[in-house]
Amino acid sequence: MTLEMKGIYKSFGANDVLRDVSFTLSGGEICALLGENGAGKSTLMNILGGVHHADQGQIFLDGTPVVFQTPADSLKHGIAFIHQELNLVNDLAIYENMFIGHELKKKGGLLDAPRMIARTKEIFEKMDLDLDPRTMVRDLDASYKQIVEIARALLMEASIIIMDEPTTSLTEPEIRRVFDMMNTLKDSGVGIVFISHKLREVMEICTRFTVLRDGNMVSAGDIAETSIDRLAHDMVGHDVRTKSLRRAHEVGDTVLSGKGLTLEPVFRNVNFEVHAGEVLGFTGLLGDGRSELFQCIFGARRGYTGTVAVDGRELRIRSTTQALKAGIGYVPRNRKENGIIKDMSILENGSIVTWARDSRIGFLKKKKIADAFNRQEQELHIKLGSVKDLIGSLSGGNQQKVVLAKWLTANPRVLVFDNPTQGVDVGAKEEIYDIILKLADAGVAIIVLSSEAQEIIRVCDRTLVMFHGDVCGELVGDEMNEQAIMRLATGGQV
């Protein structure tokens, strides 16, 4: 199947999101769709997926003009959309999620669960995936939820599959499995749109690229004729830094420390300390226990043993409110489930942490709250229409900036960033790194939890590497490199 989108325009109110954008895709190729957060990538694909309607422009499939009124229309024409924010129902089993909207039924009209389970097993076997279709989706981690979404697109026998940040939450072996599957689909004639901010992955898996910037198409071509630096430049409009951001500086006293922290089977006997003005990394592979460790320290998870101390004083933090009072902030990794409240406005999401502080006899000091968020909006370059709009009106990267703004207004003593640049473009990533370093220079103790070795190497002063819940080693300064990190993360020694 050949896809052509010609002269696409789309506005939301006074905000022109797409201006005269054209995009093509042929069966048997993988085309990267690139751009900063807010560049219009998701909007363009939402038009193709029947979620939005273009103000102007046409869509052609095999030369025939088509109009998609609903996502179901798009799906009927062989287009499957795997969204960045996963669209699975946690309270249903995997096989039920696989068949939502097109359930298999018996003659009497009852659901044919055995047949749906068997069909799901067939898809999983093709993917070399050992997963029980009867497992509840709520019991899956983020990586397996993503894989279920991809499996659902395969079940639909789609001719065109749109993948919006499909590898963000996956481990390296899972990424390899997804890439193998993508190559198999490509060889069978399926066209794939690959939206990603991981330019190394783009160079590896894609055959063509299209770059959007501020709603305009700025470049397109064959992957073999470009480079990571060129793509990054086209995305942001200027050269992007790649060098280490570590700087020579003095660190202060210990702000946060942990001794003998254990929560079986997730992590055990973890010892660490982070100082004022220091950027400490925790890294490893998915499932190493680092997120659960700091969820315990932040009061979001209970049952651990060991001691936590702030400024040398032992605390037993039992709630997130207590952690906030102790000066601990936490930017979570799963923005959709833990970072934002989708039924609240941008301003409400960006200020909720400080409501207790910025209120008097139960009434919020609205001007003070609005002024504080406005400063963060300018500082973080958040692209938005009105602060009264729902948080869901923003792109994923701008939602992440609002989550960050929420914690910056709280002025924490120590701030934990859990995968801070997940789903964020190269330009916004550099802005977030600048914020991290600026906070450290101001004396805030920073902890960065990340599975991206390059991220750890570029911004952290030192890092602790975890493997299956154990700290396997510590790397400082120039000792941090991808080989050393990976060796420790897989249980080896340096």
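Mentor: Let us begin with pairing: two strands pair if DSSP finds at least two bridges between them. Helices (H or I, at least four residues) and strands (E, at least two) are themselves DSSP runs, numbered from the N terminus. The model is predicted, so local features need a pLDDT of at least 70 and side-chain atom pairs count only at pLDDT 80 or more, whereas totals for chains, interfaces and linings use all residues. Residues are numbered from 1 along each chain as its sequence is written, and side-chain values use heavy atoms, with hydrogens and water left out.

Trainee: How do you know that strand β9 and β10 pair, and in what sense?

Mentor: Strand β9 (residues 208–213) and β10 are joined by 6 bridges in the antiparallel sense, and since the rule asks for at least two, they pair. Within this pairing, L212 stands opposite M217 in β10.

Trainee: Which strands make up the open sheet, and in what order?

Mentor: The open sheet has 6 strands in the order β6-β7-β8-β3-β9-β10, and its pairing is mixed. Because β6 (79–82) and β10 (216–222) each have a single partner strand, they stand at the edges, and one side of each is left without a neighbour in the sheet. From one strand to the next, the twist averages 15°.

Trainee: What makes helix α1 a helix that packs on the sheet?

Mentor: Contact is the test, and it means heavy atoms within 4.5 Å. Helix α1 (residues 41–48) touches β3 (30–34), β6, β7 (160–164), β8 (191–195) and β9, and its direction makes about 130° with that of β3. Helix α6 (residues 172–187) also packs on the sheet, touching β3, β7 and β8, with its direction at about 145° to that of β8. Such angles run from 0 to 180 degrees between N-to-C directions, with axes fitted to C-alpha atoms, for helices over the stretch in contact.

Trainee: How do you know which way β8 runs relative to β3 and β7?

Mentor: β3 and β8 run parallel and are joined by 4 bridges, with I192 in β8 as the bridge partner of I30. β7 and β8 run parallel as well, joined by 5 bridges, and here F194 in β8 is the bridge partner of M163.

Trainee: Why is β8 called mostly covered?

Mentor: Buried means under 20% relative accessible area, exposed over 50%, and partly exposed in between (1.4 Å probe, protein chains only). In β8, 5 of its 5 residues are buried: G191, V193 and I195 on one side, I192 and F194 on the other.

Trainee: Why is I8 called buried?

Mentor: I8 has a relative accessible area of 1%, and the limit is under 20%, so the word applies. I8 lies in strand β1 (residues 2–12), and its contacts beyond four places in sequence include L18, V21, L44 and I47.

Trainee: What makes the largest nonpolar core a core, and which of its residues have the most contacts inside it?

Mentor: A nonpolar core is a set of buried Ala, Val, Leu, Ile, Met, Phe, Trp, Tyr and Cys residues joined through side-chain atoms within 4.5 Å. The largest one has 76 residues, and those with the most contacts inside it are L256, F272, F282, F294, I446 and I447. Its largest share, 8 residues, comes from helix α15 (residues 426–441). Apart from it lies another core of 52 residues, among them M116, V137, C206 and V426.

Trainee: How many aromatic pairs are there, and why is the pair of F272 and F294 called tilted?

Mentor: Rings of Phe, Tyr and Trp (its six-membered ring) pair if their centres lie within 6.5 Å; planes under 30 degrees apart count as stacked, over 60 as edge-to-face, and the rest as tilted. The count comes to 6 aromatic pairs. F272 and F294 have ring centres 5.4 Å apart and planes at 55°, so the pair is tilted. F272 in strand β12 (residues 267–275) and F294 in helix α9 (residues 290–297) are 22 residues apart, and both are buried. F298 and Y330, at 5.5 Å centre to centre and 25° between the planes, are stacked.

Trainee: What puts the charged end of K6 over the ring of F60?

Mentor: A charge sits over a ring if NZ of Lys or CZ of Arg is within 6 Å of the ring centre and within 35 degrees of the ring normal. The charged end of K6 sits over the ring of F60 at 5.2 Å from its centre, and K10 lies over the face of F12 at 5.1 Å from the ring centre.
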